[in-house]
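User: Hi! I would like to go through this model with you, one question at a time.

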Amino acid sequence: MSLVTRGSRGFFMFSIGELSKRTKVKVPTIRYYEEMGLLAEAERTSGNQRRYDKEGLERLSFIRHARDLGFSIEAISSLIELQDHPDRSCEAATDIAVSQLADVRAKIKRLKLLEKELTRISKGCDGHGVSEDCYVLASLADHELCEREH
């Protein structure tokens, strides 16, 4: 059976497996996005198999890209709502992107603090002693040995 077929309206239709292959989104995740309402419910064949059109492929690519950029399901839902109403202002989309950028910057700041502390802790032990005297283990057991909050 072909993974790409022509639908009743003459348009190419994709099986869920082909959609997964083209977008690199796992099949269970595609089903989840359908359940969450992010992806329109697929047409069904007489054998009850899902078939997606070009719009479904494009929507799933949009969702995948947004997820890759770290947007939450809720943010993606709001972005899709805006996308589905092209006459609306894009201010809300910009606000969502700016908020995501702020979240990413906060994570980067926290990761840099973690990097500094892990570097310091790992240099505190040469790895040649016994675990009883290991600075790494002692530091993990006692947060007071950390130089700064992380």
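Analyst: Happy to! First a term: a residue is buried under 20% relative accessible area, exposed over 50% and partly exposed in between, using a 1.4 Å probe and protein chains only. This is a predicted model, where local features need pLDDT of at least 70, side-chain atom pairs count only at pLDDT 80 or more, and totals for chains, interfaces and linings use all residues. Residues are numbered from 1 along each chain as its sequence is written, and side-chain values use heavy atoms, with hydrogens and water left out.

User: Is glutamate 117 buried or exposed?

Analyst: Glutamate 117 sits in helix H5; helices are DSSP runs of H or I with at least four residues, strands are runs of E with at least two, and both are numbered from the N terminus. Contact means heavy atoms within 4.5 Å, and leaving out residues up to four places away in sequence, glutamate 117 touches Leu145, Cys146, Glu147, Arg148 and His150. Its relative accessible area is 2%, so glutamate 117 is buried.

User: Which residues does glutamine 100 touch, not counting those up to four places away in sequence?

Analyst: Glutamine 100 belongs to helix H5, residues 91-123. With 11% relative accessibility, it counts as buried. Beyond the residues up to four places away in sequence, its contacts are Leu69, Gly70 and Phe71.

User: What pattern does the protein follow along the sequence?

Analyst: There are 6 helices and 4 strands in the protein. Read along the sequence, their order is β-β-α-α-β-β-α-α-α-α.

User: Why is the protein more spread out than a compact globule?

Analyst: The C-alpha trace spans about 70 × 45 × 20 Å along its principal axes. The globule rule is 2.2 Å times the number of residues to the power 0.38, and the radius of gyration is taken over C-alpha atoms. For 150 residues the rule gives 15 Å, so the protein counts as more spread out because its radius of gyration is well over that, at 24 Å.

User: What is phi of lysine 24 near?

Analyst: Most residues other than glycine have a negative phi. Lysine 24 lies in the loop between H1 and H2, and its relative accessible area of 65% makes it exposed. Its phi is positive, near 60°.

User: Where does asparagine 48 lie?

Analyst: Asparagine 48 also has a positive phi, near 70°. At 52% relative accessibility, it counts as exposed. Its place is the loop between strand S3 (43-44) and strand S4 (50-52).
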